[in-house]
Amino acid sequence: MSFVSEFNSLPVPSLVQRSLAATPEDFRNSLARSKVSLADFAHLISPAGSKNLEPLSRRSHQLTQQRFGKVIRLFAPLYLSNECINNCSYCGFSRDNAILRVTLSIDDVRREAEELKSQGFRNILLVAGEHPKFVSNNYLRDCVAALHDDIPSVSLEVGPMETEEYRPLVNAGADGLVVYQETYERSIYDQMHTAGPKKNFDWRLETPERAYNAGFRRLGIGALYGLADWRYEALCVAAHADYLLRNCWKAQLTISLPRLRPCAGEFEPLTHMTDRDLTQLICAFRVMFPDVGLVLSTREPAKLRDGLIPLGVTMVSAGSHTEPGGYTGAGKEKLHQTVRGRIVEVGSSEWADGKGTAATGQFNIADERSAHEVADLIRKLGYEPVWKDWDAALTT
């Protein structure tokens with residue numbers, strides 16, 4: 001039985017109502033439990049919990065220090081391609097957006113990775129849109145293999161695949177797979193994904209299990225906050241994490257908490273999640289999942305990220321670029337637009353102005369500090385920035 005079967009039987013709407021109706025006593029009782037259930041989690045993310053953020057934050061801080069110590073892992077995304085066959089209303093890479101696109105060559109990828117390595121990174125997340133014509137399985141395998149000797153930890157955030165398609169990527173050296181469900185609310189998912197294979201909700205939901213069966217040692221999940229009600233999404237993420245911890249227990253699990261950011265297409269969020277809501281959710285996830293990594297990206301502004309680090313976050317990106325070639329300018333000579341799978345040279349169509357100098361990013365980042373500025377801040381907070389915490393040699 002996959003998580004899809006369990007998910008279909010979850011009483012999520014009633015859990016949301018339970019959360020909204022929770023009393024301060026419900027919150028205190030759930031916070032005091034040594035093992036937190038999904039119903040308790042609903043109490044922790046309740047309006048009553050928002051009014052009692054201090055004790056929740058204090059417990060989250062204590063658990064994080066106890067389980068992870070005073071360290072923060074650093075990683076950087078390396079975008080391989082912004083080509084995509086999916087139409088996703090909220091994404092800058094969406095197929096019908098008239099953006100400047102490029103797919104990096106293997107040499108370009110090496111050049112980008114060398115720059116990130118010079119900054120200190122030994123943990124890189126390879127990101128690409130879903131487009132088999134430009135981003136084939138062999139291309140991804142070759143990218144991983146090209147970096148494996150110099151970058152101990154290479155993870156992927158790419159279009160979902162079959163288990164057997166993942167195995168060559170694992171064999172090439174990829175150790176982590178990140179996949180956001182985007183939204184766990186089926187009707188909104190259908191509304192947001194208007195064309196392409198990403199329309200298949202259940203196929204995407206089962207992706208972490210297929211990745212685990214292929215041998216990935218780290219799995220990352222999350223929802224994109226700003227589509228459905230944040231409490232609904234959080235309860236679904238919690239249920240999904242609980243399932244994976246029970247059934248994919250040999251892998252490490254991380255939960256990301258991305259909020260929608262401005263991007264090409266000018267999509268406006270459907271719902272709003274405040275900074276206080278985000279803080280409450282991070283702490284609630286930590287209380288329910290003491291040993292799960294919590295990831296906060298440069299989608300969030302510097303001041304907020306600095307304040308959240310002591311509360312439960314264990315992993316952050318830094319100095320990020322969300323466009324292919326963003327770190328070195330690699331691939332600029334190959335910029336183009338793509339219309340119905342056909343490459344259109346910049347300036348050769350009536351809607352291209354020829355003024356672009358870089359590929360279009362997936363979204364605008366909020367924390368524009370360099371990696372070393374973020375690392376220095378982490379030290380000032382009394383934590384140790386960790387650039388590398390894994391090496392394949394440890395298992396041989």
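This is a predicted model: local features need pLDDT of at least 70, side-chain atom pairs count only at pLDDT 80 or more; totals for chains, interfaces and linings use all residues.

Q: How many residues does the largest nonpolar core have?
A: A nonpolar core is a set of buried Ala, Val, Leu, Ile, Met, Phe, Trp, Tyr and Cys residues joined through side-chain atoms within 4.5 Å, where buried means under 20% relative accessible area, exposed means over 50% and partly exposed lies in between, with a 1.4 Å probe and protein chains only. In soluble globular proteins, nonpolar side chains tend to be buried together. Phe41, Leu126, Tyr225, Leu281 and Phe285 have the most contacts inside the largest core, and its size is 106 residues.

Q: Which helix gives the largest share of this core?
A: Helices are DSSP runs of H or I with at least four residues, strands are runs of E with at least two, and both are numbered from the N terminus. The largest share of the core amounts to 11 residues, and these come from helix 13 (residues 230-247).

Q: How many residues are in the second, separate core?
A: Among the members of this second core are Tyr90, Leu125, Phe363 and Ile365. Phe363 also has the charged end of Arg299 over its ring, 3.8 Å from the ring centre, the rule being that NZ of Lys or CZ of Arg is within 6 Å of the centre and within 35 degrees of the ring normal. The second core holds 24 residues.

Q: What is the geometry of the pair of Phe7 and Phe201, stacked, tilted or edge-to-face?
A: Rings of Phe, Tyr and Trp (its six-membered ring) pair if their centres lie within 6.5 Å, with planes under 30 degrees apart counted as stacked, over 60 as edge-to-face and the rest as tilted; the count by this rule is nine aromatic pairs. Phe7 and Phe201 are 5.8 Å apart centre to centre with 35 degrees between their planes, which makes the pair tilted. The pair joins helix 1 (residues 3-8) to helix 11 (residues 201-205) across 194 residues, and both Phe7 and Phe201 are buried. The geometry is thus tilted.

Q: Why is the pair of Tyr189 and Phe201 given its class, and which class is that?
A: Tyr189 in helix 10 and Phe201 in helix 11 are 12 residues apart, and both are buried. Because their ring centres are 5.0 Å apart and their planes stand at 85 degrees, the pair is edge-to-face.

Q: Which residues do ring pairs link into a cluster together with Phe201?
A: Phe201 takes part in the pairs with Phe7 and with Tyr189. The cluster that ring pairs link also contains Phe3, Tyr184 and Tyr243, giving Phe3, Phe7, Tyr184, Tyr189 and Tyr243 beside Phe201.

Q: How many disulfides does the structure hold?
A: A disulfide is a pair of cysteine sulfur atoms within 2.5 Å. For Cys91 the nearest cysteine sulfur, that of Cys88, is 6.0 Å away, and Cys91 is buried at 13% relative accessibility. For Cys143 the nearest is that of Cys84, 16 Å away, and Cys143 is buried at 0%. The number of disulfides is zero.

Q: Is Glu182, which has a positive phi, buried or exposed?
A: Most residues other than glycine have a negative phi. Glu182, in the loop between strand 5 (174-178) and helix 10 (186-192), has a positive phi of about 75 degrees. Its relative accessible area is 8%, so Glu182 is buried.

Q: Is Arg340 buried or exposed?
A: Arg340 has a positive phi near 50 degrees and is placed in the loop between strand 11 (336-339) and strand 12 (342-345). Its relative accessibility is 86%, so Arg340 counts as exposed.

Q: Over which residues does pLDDT stay under 50?
A: Residues are numbered from 1 along each chain as its sequence is written, and side-chain values use heavy atoms, without hydrogens or water. The chain averages a pLDDT of 95, and 95% of the residues score at least 70. The stretch under 50, with eight contacts beyond four places in sequence, is residues 348-355.

Notes. pLDDT is the predictor's confidence in each residue, from 0 to 100. Contact means heavy atoms within 4.5 Å.
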